[in-house]
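Here is a short briefing to read alongside your model. Have a look at the fold, then follow the notes below.

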Amino acid sequence: MHDAGDAMSEAPGVARWWPRRGTDVSVCAAARAWVLAALPHLLARPAEGRLRDNVELLVSELTANALLHAGGVEYIDLYCTGSVLRICVHDQVSTPAVARHAPPDEAEHGRGLLLVDALAARWGVEEHPGAGKDVWLELPIDR
């Protein structure tokens with residue numbers, strides 16, 4: 001499931017993944033696989049239905065954005081606190097992520113953050129001057 005060079009760290013309610021090839025297009029699929037494998041451990045139960053589907057889609061969007069606009073993924077953090085799952089994708093570029101207006105219908109790109117905005121309860125960007133940024137989102141966990 002994971003590349004031999006990938007690194008993972010877990011504590012109760014927290015998981016971090018450092019991809020070995022964070023600048024390769026394969027990072028999107030690897031991130032989805034890691035998140036879906038880590039989610040049941042964080043939730044202490046299987047992740048089902050809408051939560052699983054939304055996590056898979058939104059992790060894919062955030063990692064694709066990091067790859068396309070910020071040179072790749074440095075690491076991904078998952079936090080499970082009470083009734084909220086927080087996903088953070090860290091990259092090394094300090095320019096903020098900007099949700100653009102809807103692209104023209106014929107455009108092949110440009111809808112990622114619009115999906116994040118529509119599906120996440122909250123999302124934002126935490127800048128780390130000189131050390132990149134985290135693009136994060138929060139999803140409610142149905143208990």
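Contact here means heavy atoms within 4.5 Å. This is a predicted model, in which local features need pLDDT of at least 70, side-chain atom pairs count only at pLDDT 80 or more, and totals for chains, interfaces and linings use all residues. Residues are numbered from 1 along each chain as its sequence is written, and side-chain values use heavy atoms, with hydrogens and water left out.

**Tyr-79**
- Helices (H or I, at least four residues) and strands (E, at least two) are DSSP runs, numbered from the N terminus.
- Tyr-79 lies in strand E3, residues 75-81.
- Tyr-79 has a relative accessible area of 28%, so it is partly exposed (buried is under 20%, exposed over 50%, partly exposed in between, with a 1.4 Å probe and protein chains only).
- Beyond neighbours within four places in sequence, Tyr-79 touches Gly-13, Val-14, Val-84, Leu-85, Arg-86 and Cys-88.
- Val-14 is 65 residues from Tyr-79 along the chain, yet their C-alpha atoms are separated by 4.6 Å.

**Helix H3**
- In H3 (residues 112-119), the buried residues are Gly-112, Leu-113 and Val-116.
- They sit on the same side of H3 because they cover an arc of only 90° around the axis, taken from the directions from the helix axis to the C-beta atoms.
- These buried residues pack against H2, strand E5 (122-127) and strand E6 (133-140).
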